[in-house]
Amino acid sequence: MGRELELLQGTLDMLILKAVSLGPLHGYGILLRIEQISKKRLEIQQGSLYPALYRLEDQGWIKSEWGESDNNRKAKFYSLTAAGKKRLVAETEKWREMSEVIAGILGTRAEEV
Amino acid sequence: MKRIVRLLSWITNRGVREREMEEELRAHIEMRAEDLVREGLPKEEAYRCARVEFGGLERTKEECREVRGLSVLDGIWQDLRFGGRMLKKSPGFTATAVISLALGIGANTGLFSLVNAVLLGSLPVRNPQELVVVQYTTPESSGDVADDDYSYPMYRAIRNKNTVFSGVLCRSGLELNASLGGQSERVSGELVSGNYYETLGVTPYLGRLIAPDDDRVPGEGAVAVLSYGYWQRRFGGDGSIVGRDILLNSAPMRVIGVTPAGFYGTDLGRNPDIRVPMMMAKVFRPVPANRLENPRHSWLTILARRKPEVTTGQAQAALDLLYHQELSDELAGSDLSPHEREKRMGQRIRLEAGNQGFAHMRSEMERPLMLMFGATAMVLLIACANLVNLIMARNAKRRQEVAVRLAIGAGNGRLVRQWLTESLLLSAIGGAAGVAVAYWAKTALIGFMPREYAMNLRAPLDWRVLVFALAATMLTGLLSGLAPALELGRAHVAPSMREGVPATSVPERLLSLRSALVFGQVALSLPLLIGAGLFLHSLANLRGVNTGFTKENVYLATLNPSLNAYPRERVKEVYDELLTRVRALPGVKAASLTTSSVISGGWDQEGVRVEGYTPGLDENMNPNAALVSTGYFATLGIPVVKGRDFTEQDTAGRAKVAIVNETMARYFFGDRDPLGKKMSVSDEKDAPLDIEIVGVVKDAKYVRVTEATKRHFYTPMAQEPRLADMTLQVRTSTEEEARHIGEMVKAQLREIDANVPLYAATTLEIQIDNSLVRERLLTWLSGVFGVLATLLAAVGLAGVVAFSVARRTKEIGIRMALGAQSGDILREVLARVTALVAAGLMVGLALAFWVSRAAGSVLFEVKPSDPAAFVGACVVLGMAAMMAGYWPARRAVKVDPMVALRWE
């Protein structure tokens, strides 16, 4: 397991969308899934999760529904909307481009300038 | 758009959403706890861990709410509900606060509704801001006072030849006897030009209104328009009157329409009952016969509507030019002296804003109303100060609550918002109650105004008034809430939460704020009390003025047989017969008739020439004049000091006689005997001096109680060919009889002639009192406010003293246990109270000096710095304050020291 990375600002939204795109989840489940697929290298501040969820719902990328969890507990499940799917694709593309550019800049050697 | 939808759904779903959020977050924590249990932690441990991991639950909730963008509203709603609960929990406080607020805001709003109607309101016509009143200034008056009377030919010239007005109207008041089916009554009327309604932009409520076609030929156009009020009063709102004839001064006139309910005319406070076309002046005001053609007879007032693209300045310049052209044409063919010509050509047109019409009531009531407004504002401030005190006293008990809230993370700003919301809520309740108080206050105030204004004044609580009430409420809420809110926000958390610290051990700061407030209250109350003293003194002076006649027990009523177009002989017959019969009534000591009744606000003047006296250029040769019957001086109790009174022998055909008053005798004859000298009632150069002066009477007050004595002469009504309206004066033995003799007099008149109504019946005392209405209003109001302010200040002071003493209970207890006498403690407390009150009085005095100068113009023979008023007010306020401070102090030092020491 590598070092735990600090979460860059603004990326939480993207991660939530990705987590939810793999299937509807409740808040706690989203937390677990992100931890899981990041292979525990990413830890989310629990306090910032729900405001982010509410914001994403407000903006229309995700929608919520009450349902039952595995333990038959009542929980609110979030799922991706069509607009959210498009948003995720767009954001992912932007992220890839950005990281290419940054990587390029950071990898520049003295002679190339 | 989405926001609005969300706001609406927020209002409806708020409860649900809160619950859901709570559930969701709890579920999260529980699920984490379950996982921890599965990892081996005991249940409670797991739960606690999960909670700690999650972080601040409330904070997260707050952030979530904020994300929704509605947290501010949420917070305010919470504050309101909390505030409402707190108010319910302390009903005594709430009641006191609401009552003082209601009184303060209500008084201000009520007064403002009057200010709104009298000073701010516009005529109920189309585009009143386009209207202008046409006046002219003379070289002597140099622009301060303007005249506004014009001749008909001048009006016609202005109307036809101007290029700057879209309409020019003229009008003049009229006295009418209205008769229908044998029942006659006197009504107020107006002669108006044909384009009157057109220019103002008034549409009929029923039928049609006077139009230019009705106003073409002198003597023709026998139509009349009724006011809505008169139509309701006299005809009960029966629409069939339109199209029927009524008799106005015995002339049949066709009623063609009724004006809408809100329309009263061009003068606020005057609401003429009937309007007729100007050409009917030939019928209704037949003297002089050439009234409509004579350029030297000025009797009309003119109102004009500017064309929208013309400014008042431009219109004034253009009209001035036109006016002078007309004047020079007029003067070319006249026989006036060059001096007179110069005077006329020196006149300058002045256009005043006409959106309030002729605004007579405004100029009369402006000063008193503004003074009163200032006073009510002061009272409201004082009530505010009391409210602040109350709130702070109550907050002292809530320090623990504050400390806890601060500890769990409420920001200072949040707390301040809470207190402000509470006081705004309180103000809102007080303000709503205040509107009800305003309605009552306004009605009471109108009752104090001069009767002819009060009858027609509507001061509705319209939007401007309500906005004012709202502003006053919010301002009060903010003012009262801010100080204690800020104070509390800065409270120290730690000491308050510690157990054993008594709730009353508050920082010194708090006490000094409250003391400052009381100081302010005292300072504001003093000017009010002084004002009350000044007005009271002034009123007493007015009431005590020697009027020169005996004002008690005199009944007055007016009649005008000539309105029925009777021949002269008939008119004289009616008068003589009435006098004879009335003198025979039981309880009547004397009766007489006169053209002008004393202290009725108006008087006739006549130009005279006097034997042996050459008037200087422009000297005023117009003394007051009255036609009187025999027994006039006896009825009023005016002694004849030289010569004789009029007798039955002074009739038409005999030598003409006159009686003058002392001032006139002195003016024209100095020390010489006026008896036997001749005069004429006419200022024409060649008029014969054919009237002999046969008597001199003592001076009296004629028009106003406050006036300086003027020259006056009397001539017998028997020697005057033309008689118009006259006032009957009847002296009885008691005031009671004076009030009730009216019925008998009316019955007598009815027997003589049923078509002559008797009107304006009153007693002389009431008439004089009416003339003092402004002064009475000011005295009454300032008295009420002064007392109210003093009470509030006293209550405030009592509260502060009680508070300060309670705070030092322990200290006092120790001192007394060590041997201090209760008297010593008392003296010390009172010394501080005295210092506070004295400081307040001094500032109050300074304020009073400054403010009382504004009242100078409405005071009668009282200097604004009247020592009696100042000293009296200081004494009253000082004593009230000392008593207010003494009582709680005394209670405090009576406490048993043992109890005080133990009390914690």
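Q: Which residue stands opposite B:G695 in β19(B)?
A: That's B:G643. The model is predicted, so local features need pLDDT of at least 70 and side-chain atom pairs count only at pLDDT 80 or more, while totals for chains, interfaces and linings use all residues. Residues are numbered from 1 along each chain as its sequence is written, and chains are lettered from A and ligands numbered from 1 in the order in which they are written.

Q: How many bridges are there between β16 and β19(B), and in what sense do they pair?
A: Strand β16 (residues 640–643) of chain B pairs with β19(B) in the antiparallel sense, over 3 bridges. Strands count as paired if DSSP finds at least two bridges between them. Strands themselves are DSSP runs of E, at least two residues, and helices are runs of H or I, at least four residues, numbered from the N terminus.

Q: And β17(B) with β19(B), parallel or antiparallel?
A: Parallel, with 6 bridges joining β17 (residues 656–661) of chain B to β19(B). B:V660 has B:V696 as its bridge partner there.

Q: What about β18(B) and β19(B)?
A: Strand β18 (residues 678–680) of chain B pairs with β19(B) in the antiparallel sense, over 2 bridges. In that pairing B:M679 is opposite B:I691.

Q: How many residues of β19(B) are buried?
A: 6 of the 7 residues in β19 (residues 691–697) of chain B, so the strand is mostly covered (buried is 20 or more other C-beta atoms within 10 Å of a residue's own, exposed is 12 or fewer, partly exposed is in between, with C-beta atoms placed from the backbone).

Q: Switching to helices: at what angle do α6(B) and α10(B) pack?
A: Helix α6 (residues 152–161) and helix α10 (residues 312–332) of chain B pack at about 135°, with axes 10 Å apart. That makes α6(B) oblique to α10(B) (under 35 degrees is roughly parallel, over 145 roughly antiparallel, 65 to 115 roughly perpendicular, the rest oblique).

Q: Which residues meet there?
A: B:M154, B:A157, B:I158 and B:K161 in α6(B) meet B:L319, B:L322 and B:E326 in α10(B).

Q: How many residues of chain A are in contact with chain B?
A: 13 residues of chain A, and they touch 16 of chain B. Contact means C-beta atoms, placed from the backbone, within 7 Å.

Q: Which element gives the largest share on the chain A side?
A: α3(A), with 7 residues. The elements giving two or more residues are α2 (27–37), α3 (46–59) and β3 (74–80) of chain A.

How values were computed
Axes are lines fitted to C-alpha atoms, for helices over the stretch in contact, and angles run from 0 to 180 degrees between N-to-C directions. Two residues are in contact if their C-beta atoms, placed from the backbone, lie within 7 Å.
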